[in-house]
Every structure is written in structure tokens, then in C-alpha cells.
Amino acid sequence: MIVSNALKVAEFLDKHPKKSFVAYPGLETHENHQVASSQMSPGYRGVLAFGLNADH
């Protein structure tokens, strides 16, 4: 099962000016994208984490 919503959220957050990081293996910019592509077939599911540039 491929979760396309997680990719859409990750792409949105990756472009957001107030994010500090986005960790989603489906993003081609993720440091382990190639490894995840081979291990998480057929998709990356909902494995998504992010941080904000904020005080709280």
C-alpha cells in the first residue's frame, strides 16, 4: 500500500520556510532515499517526522 498523502505532506513541509527538517524517506533529498527505496517496496507509507523553527 502506497500512502501518497504522506509524500504530499512531506513535500509541502520541505518547502515551508519555518521548518527545520523533514525526515521522509520518500523525498529524493532524504539522505537514505536510495536505501529506503530498496527496503520499503512498494512504498514509504506514513513514516514522516519534521521539526519547526519555533520557540516552542
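**Entry 1: the whole chain**

I began with the surface. The protein chain exposes about 4,300 Å². Carbon and sulfur atoms supply 55% of that area. I noted that this is a predicted model.

Next I looked up the overall extent. Along the principal axes, the C-alpha atoms fill a box of roughly 35 × 20 × 15 Å.

How much of the chain is buried? Of the 56 residues, 25% are buried.

Then I listed the elements. I found two helices and two strands. From the N terminus on, their order is α-β-α-β.

I also checked contacts between residues at least 6 apart in sequence. Of these, 51% join residues at least 24 apart.

**Entry 2: helix α1**

I turned to α1, which covers residues 4–15.

Which residues of α1 are buried? I found A6, A10 and L13. Seen down the helix axis, the buried residues fall within an arc of 70°, so they line one face of α1.

I then looked at the face turned away from the buried side. Here I found the exposed residues N5, K8, F12 and K15.

What covers the buried residues of α1? The cover includes β1 (19–23) and β2 (49–52).

**Entry 3: the nonpolar core**

I looked up the largest nonpolar core. It has eight residues: A6, A10, L13, V22, Y24, L27, A36 and Y44. Helix α1 gives the largest share of this core, three residues.

L27 is in contact with L7, A10, E11, D14, V22 and H33.

H33 was on the L27 list, and I followed it up. H33 sits in helix α2. Is H33 buried or exposed? Its relative accessibility is 12%, and the limit for buried is under 20%, so H33 counts as buried.

I listed what H33 touches, not counting residues up to four places away in sequence. The partners are P25, G26, L27, E28 and Y44. Two of these names, L27 and Y44, I had already written down for the core.

E28 came next. I found E28 in the loop between β1 and α2. Its relative accessibility is 72%, and exposed means over 50%, so E28 counts as exposed. E28 and L7 are 21 residues apart in sequence. Their C-alpha atoms are 11 Å apart in space.

**Entry 4: the loop between α2 and β2**

I looked up two residues in this loop, L48 and R45.

L48 has a relative accessible area of 29%. That falls between the 20% and 50% limits, so L48 is partly exposed. What does L48 touch, not counting residues up to four places away in sequence? I listed A6, V9, A10, V22, A23 and Y24. Among them, A6, A10, V22 and Y24 belong to the largest nonpolar core.

I also took one distance for L48. L48 and V9 are 39 residues apart along the chain. Their C-alpha atoms are separated by 8.8 Å.

R45 is partly exposed too, with a relative accessible area of 36%.

**Entry 5: N53**

My last stop was N53. It lies in the segment after β2. N53 is partly exposed, at 48% relative accessible area.

Which residues does N53 touch, not counting those up to four places away in sequence? I found P17, K18, K19 and S20. A polar atom of the N53 side chain lies 3.1 Å from the backbone oxygen of K19.

I finished with a distance to F21. N53 and F21 are 32 residues apart along the chain. Their C-alpha atoms are separated by 8.8 Å.

Methods. Residues numbered from 1 in each chain as written. Predicted model: local features only at pLDDT ≥ 70, side-chain atom pairs only at ≥ 80, totals over all residues. Heavy atoms only, no water. Core = buried A, V, L, I, M, F, W, Y, C linked by side-chain atoms within 4.5 Å. Buried < 20%, exposed > 50% of the residue type's maximum accessible area, 1.4 Å probe, protein only. Helix = DSSP H or I, 4+ residues; strand = E, 2+ residues; numbered from the N terminus. Contact = heavy atoms within 4.5 Å. Arc of directions from axis to C-beta. Areas by Shrake-Rupley, 256 points an atom, 1.4 Å probe, with all protein chains shown as cover. Polar contact = N/O pair within 3.5 Å; in protein donor to acceptor, adjacent residues only side chain to side chain.
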